[in-house]
Amino acid sequence: MAPGPADRQAHMRNNGHNGHGKTKLGIFRGFADPGRLSILDSLRDSPRTAREIAAVTGIAQADTAALLDCLLDCGLVRKEEKQYRVRYRLSDPRVGRILQAVDQMLTKTADTPPEPPSESVSDRS
């Protein structure tokens, strides 16, 4: 018996599918590589060409192109074509805010001493 519409919707929700081909896994995949993260960071302030991204990040231009393709597939960047120039930018301001939130978490973690482990219920018996 083939799965019905309710089964497909539950499966899509469980996999983080938004109905437009994007998934939570795909988005997080975009963040899960040092080169891709470096590119995303380089786009936080302004759009850039692939050549500019390569220069800022120190990533070889051929590798930059492959990483940008992945980021496009993940939906984290978009490209704008004007005449003969292609510029890349973050696809959504929330991508920059995610990067900023992680930076803040790391700064807070580095500045804050670790908290002592909490007692569990079994430890108090």
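Predicted model: local features only at pLDDT ≥ 70, side-chain atom pairs only at ≥ 80, totals over all residues.
On the α3 side the contact is made by G35, R36, I39 and L40, and on the α5 side by T64, L67, L68, C70 and L71.

Let me turn now to the salt bridges, of which the count comes to six. One of them joins the side chains of D103 and R44, with N to O at 2.8 Å, and this pair links distant parts of the chain, since D103 sits in helix α6, residues 93–111, while R44 sits in the loop between α3 and β1, 59 residues apart. D103 is partly exposed, at a relative accessible area of 35%, and R44 also counts as partly exposed, at 31%. This pair belongs to a network of salt bridges in which D41, R44 and D103 are linked.

Another salt bridge is formed by the side chains of E52 and R87, at 4.0 Å from N to O. E52 lies in helix α4, residues 50–57, and R87 in strand β3, residues 85–90, so the pair ties together parts that are 35 residues apart in sequence. E52 is partly exposed at 28% relative accessibility, and R87 is partly exposed at 27%.

Finally, R78 forms a salt bridge with E80, where the closest N and O atoms are 3.7 Å apart; R78 is partly exposed, with a relative accessible area of 41%, and E80 counts as partly exposed at 28%.

Note on methods: Residues numbered from 1 in each chain as written. Heavy atoms only, no water. Contact = heavy atoms within 4.5 Å. Helix = DSSP H or I, 4+ residues; strand = E, 2+ residues; numbered from the N terminus. Buried < 20%, exposed > 50% of the residue type's maximum accessible area, 1.4 Å probe, protein only.
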